[in-house]
Amino acid sequence: IAMKGQVSFGGLFSTHSSFDRNSKRCLNIDWEQLVNLQGMIYAVELINNSSSLLPNVTIGYDIRNTCDNPDVAMKQTLDLLLKFRRNDLCNSHRTISNNNHSLNQHPFLTSQLAMDDQLVGIIGAKSSRTSSDVQTILKTFTMPQISYAASDTKLTNRHRFPTFFRTVPIDNYLARIIAAILLRLNWNFISIVTLKSEYSQSIHREMMEIIKKKRTCVDENLVIPANPLEINNAISKIKSSKAPVVVLLVEENALADLLLRFQNRHVTGKTFLTSCEWNQEMWKLDRYVIGGMMGITLKRRPSLQFQQYLTEVSICNNINPSLLPFWLMFHGIHNFTDDNAQQVCQDYVKYNPDNDVRNHLQRLSYNAAYVIDAVYALAHALHKTLQCNQHICQKTPNDPEFQLAKVIENMYRISFQGMTSKDFEFNENGGPHDVVYNIVNLKWSTKHRVLRPVTVGNWTLGNVELLSINESKAGFGPYNNISQLPQICAATCQPGDYFTYISRPLCCWQCHACPYNTYSNKTNAPACKSCPLGSASSKNQTTCELIKPFELTYSSMQNVIMLIAYSITAASTLFTWAVIIKYRNTPVVKASDFVLSQMLLFGILMCLSVAPLFGAPISIFNCTITLFIFCISIAFVMSIILVKTNRISAIFKTGFIKSQKSKMLLGDRGPAILAILLTTIEVVVCVVASIYDPIKLRRQVISEQLVYLNCRSKTRLGYIVAVGYFALLCLTCVYLAFKTRKLPENFCEAKYINFASITMLLSLATMTPAYFGTVGPFQAAISSFGMIIFGSCVLCCMFGKKLYIILLHPELNTKENVM
């Protein structure tokens with residue numbers, strides 16, 4: 001398709017997607033390329049109608065079909081150069097004519113006559129391979145070339161491709177975007193499937209370099225040829241892999257077939273991330289298999305003006321006559337001849353408005369923006385070269401000073417408001433300065449009951465690189481949003497966790513909470529440490545904390561029973577005391593020494609008061625005061641019993657005190673003084689022990705969950721001396737009681753003193769070792785109940801017979817009976 005102008009832009013478009021080498025025919029119309037071709041014509045028309053861009057220069061065009069084949073593209077390029085540069089190539093018009101005649105014998109070269117205008121640049125080609133081959137010719141003639149789709153990174157080599165420019169970004173950005181998405185969504189455990197091609201392997205190499213620095217774990221890294229056996233083997237490996245994310249580096253024409261194979265092999269639970277455009281075939285796949293898919297596409301740049309332009313174009317008249325038969329056959333129309341093809345097309349469009357190809361072309365118009373910007377870029381560079389202002393160009397293309405090298409030089413200086421960028425300009429490698437990719441999610445549409453692509457974010461590169469994803473918009477199969485996707489591989493295990501490897505390269509791990517009573521206090525701990533006995537891990541399991549000791553309370557069942565027993569015994573003691581005071585002048589009370597009896601009752605109350613102290617929560621103060629009262633009260637009671645026993649023995653000449661000088665201790669005040677002196681010794685022992693060997697609290701670990709507090713001194717010497725002293729008193733009581741065992745039967749106290757002494761000895765012999773041999777509630781129970789039993793025994797033995805006589809048999813309470 002050609003139009004004459006003062007200068008011409010060449011165009012290379014693959015309006016057919018394949019080429020049959022045997023028949024040398026182009027096959028399969030590429031409708032998107034037809035729209036792109038129309039976009040070039042549209043842009044040229046806009047420029048020619050503009051009063052500010054190339055105001056007095058008319059642009060023509062010569063657009064050729066490459067059939068997406070490098071050989072055809074090379075021949076079409078040569079034909080363009082020969083057509084517009086015949087005077088530069090040959091010296092005679094005859095030679096040019098002969099050359100054109102010979103070239104026109106080839107079916108792929110135009111047969112139009114040479115035009116007088118000048119070719120200033122080429123728009124195209126589509127593929128990187130074709131663009132690379134075409135550039136080898138164009139750089140020889142210093143001809144600028146601007147591609148609208150070639151994205152191979154190799155084309156950034158300015159030494160090899162000095163006149164090559166493009167309006168689309170390079171493939172290497174795809175690798176950076178994939179790595180950014182993986183990092184942004186915390187997808188750090190992946191598998192990669194790469195079908196061997198120059199396009200996909202280039203992205204693969206770049207991506208691997210990036211994700212190695214990001215510490216992304218690759219479980220399966222499969223680079224395979226595009227044959228069914230290798231693909232099926234790769235799918236089997238992906239199916240058995242634990243990696244939840246699969247990166248597919250394949251070309252667009254192979255993606256749908258690859259995903260269909262995943263579906264046929266029932267691969268589920270995978271999230272796919274692709275690097276290429278999608279087609280409608282993928283919308284029909286199973287959403288539970290393929291629903292979890294995210295892809296990267298160049299930003300769609302719809303132009304309402306261009307779409308309106310397409311609606312106004314006469315489809316049948318605008319389609320190249322050579323393409324019209326293919327268009328008709330595409331719509332199932334076969335009964336026509338070349339002569340009536342135009343009429344058949346018009347009739348079809350007229351009577352089938354719903355099937356008008358115009359609607360289809362409008363849907364494919366988004367990528368035409370890159371073609372339109374390519375045309376405008378060449379026009380702006382030419383505008384600068386011809387020194388144009390808003391009204392006129394100072395130079396003309398026929399000016400001897402006009403050189404294409406200056407057009408190429410000005411390519412780096414242009415800046416205009418384009419369709420693909422607000423301020424379009426080329427970078428030092430001939431690519432666009434500002435890059436925008438859309439992040440697209442293949443999401444289930446409940447309304448349409450199919451998978452539909454939804455734009456969920458974008459990746460931009462200008463002065464800074466920025467990835468933005470709206471996670472709430474994305475859906476993955478059964479999951480409503482990205483946050484619900486299971487994350488198998490953890491980036492960092494926090495304190496309180498430990499990690500275990502789950503991949504063969506040992507680069508991916510899972511975090512597990514530390515087991516009970518273990519902890520970890522650093523990130524990525526390989527194991528958790530056990531807490532020492534007596535401690536337990538904190539709530540976040542980052543440290544060990546001491547277990548709170550078990551403490552008895554007065555509301556516990558044990559203490560409730562103890563308090564009841566204590567109350568009954570104390571009440572009985574007070575009752576006895578009251579009776580003794582009331583009947584203090586009776587012979588029974590007088591015979592047992594009224595003062596010593598009151599002292600003994602007070603000592604019994606002291607012993608009983610120790611019981612609640614043993615049941616109280618343990619503290620240093622409680623331990624100290626309990627020890628004092630415990631030792632002093634027992635020593636006090638035993639001293640009184642000892643004095644009473646010795647008094648009876650002395651009366652019958654069997655006691656220790658037999659001298660006349662010492663008989664004063666047997667008077668009214670002597671026994672009381674002796675009992676106090678003997679108790680004072682115990683007080684001194686306790687005070688000295690508390691000063692030089694103070695009591696401290698010690699944690700007694702019983703089990704992982706149970707800890708008790710114990711009252712312990714460093715040497716226990718104070719315990720030993722204090723207990724040893726009242727043990728000596730007790731043994732002395734037993735000895736004296738044994739000596740008085742043959743006293744007259746009618747002497748009421750002798751026999752019961754003997755019972756009391758033996759009972760006290762047995763109580764202490766049982767309670768003392770049990771106290772030191774147990775901990776916690778058992779120790780408290782033995783101590784508290786032991787003291788209650790001790791006081792009860794003394795009370796019963798020493799005052800039971802007296803109460804019996806005083807209250808029940810007062811006739812026996814006579815001096816004669818006591819004597």
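Where does threonine 396 lie? Threonine 396 is in the loop between helix H16 (368–385) and helix H17 (404–411).

## What you are looking at

This is a predicted model, so to speak of local features a pLDDT of at least 70 is needed, side-chain atom pairs count only at pLDDT 80 or more, and totals for chains, interfaces and linings use all residues. Residues are numbered from 1 along each chain as its sequence is written, and side-chain values use heavy atoms, with hydrogens and water left out.

Helices (H or I, at least four residues) and strands (E, at least two) are DSSP runs, numbered from the N terminus. Buried stands for under 20% relative accessible area, exposed for over 50%, and partly exposed for what falls in between (1.4 Å probe, protein chains only).

## The loop around threonine 396

Back to that H16–H17 loop. Threonine 396 has a relative accessible area of 42%, so it is partly exposed.

Check the peptide bond between glycine 124 and alanine 125: it is cis, with omega at about 5 degrees. Alanine 125 sits in the loop between strand S6 (118–123) and helix H5 (128–138).

Leucine 54 has phi near 50 degrees, and its place is the loop between helix H1 (31–49) and strand S5 (59–65). Histidine 266 comes in at about 55 degrees, in the loop between H9 and strand S12 (271–274). As for cover, leucine 54 is buried at 1% relative accessible area, whereas histidine 266 is exposed at 58%.

## Salt bridges

A salt bridge here is a side-chain nitrogen of Lys or Arg within 4 Å of a carboxyl oxygen of Asp or Glu. The count comes to nine salt bridges. One of them pairs lysine 126 with aspartate 30, at 3.4 Å from N to O. That pair links distant parts of the chain, 96 residues apart: lysine 126 is in the loop between S6 and H5, and aspartate 30 is in the loop between strand S4 (25–29) and H1. Lysine 126 is partly exposed at 29% relative accessible area, while aspartate 30 is buried at 15%.

Then there's arginine 64 with aspartate 79, whose closest N and O atoms are 2.6 Å apart. Arginine 64 belongs to strand S5 and aspartate 79 to helix H2 (residues 70–84), so this bridge ties together parts 15 residues apart in sequence. Both arginine 64 and aspartate 79 are buried. Inside helix H9, aspartate 257 and arginine 261 are four residues apart, about one turn of the helix, and they form a salt bridge with closest N and O atoms 3.2 Å apart. Aspartate 257 is partly exposed at 39% relative accessibility, and arginine 261 is partly exposed at 22%. Elsewhere, salt bridges with shared partners join Asp62, Arg64, Asp79 and Lys83 into one network.

## How the helices cross

Two packed helices are described by the angle between their axes and the distance between the axes. Axes are lines fitted to C-alpha atoms, for helices over the stretch in contact, with angles running from 0 to 180 degrees between N-to-C directions. Angles under 35 degrees count as roughly parallel, over 145 as roughly antiparallel, 65 to 115 as roughly perpendicular, and the rest as oblique. A crossing is right-handed if the near helix is turned clockwise from the far one by less than a right angle, and left-handed if anticlockwise.

How do the two pairs come out? The axes of helix H8 (residues 228–240) and helix H9 (residues 252–264) come within 10 Å and cross at roughly 55 degrees, so H8 and H9 are oblique to each other. For helix H20 (residues 594–615) and helix H22 (residues 670–692), the axes come within 8 Å and cross at roughly 30 degrees. That makes H20 roughly parallel to H22. H8 passes H9 in a right-handed crossing, and H20 passes H22 in a right-handed crossing too.

## A nonpolar patch on the surface

Met557, Val560, Ile561, Ile564 and Ile568 form a nonpolar surface patch, with about 480 Å² of accessible area together. Patch members have over 30% relative accessible area and no salt bridge; like charges are joined within 9 Å, and nonpolar side chains (Val, Leu, Ile, Met, Phe, Trp, Tyr) within 5 Å. Accessible areas come from the Shrake-Rupley method with a 1.4 Å probe, and for residues only the protein chains shown count as cover. Methionine 557 is in helix H18 (residues 557–582), and at 60% relative accessibility this methionine counts as exposed.
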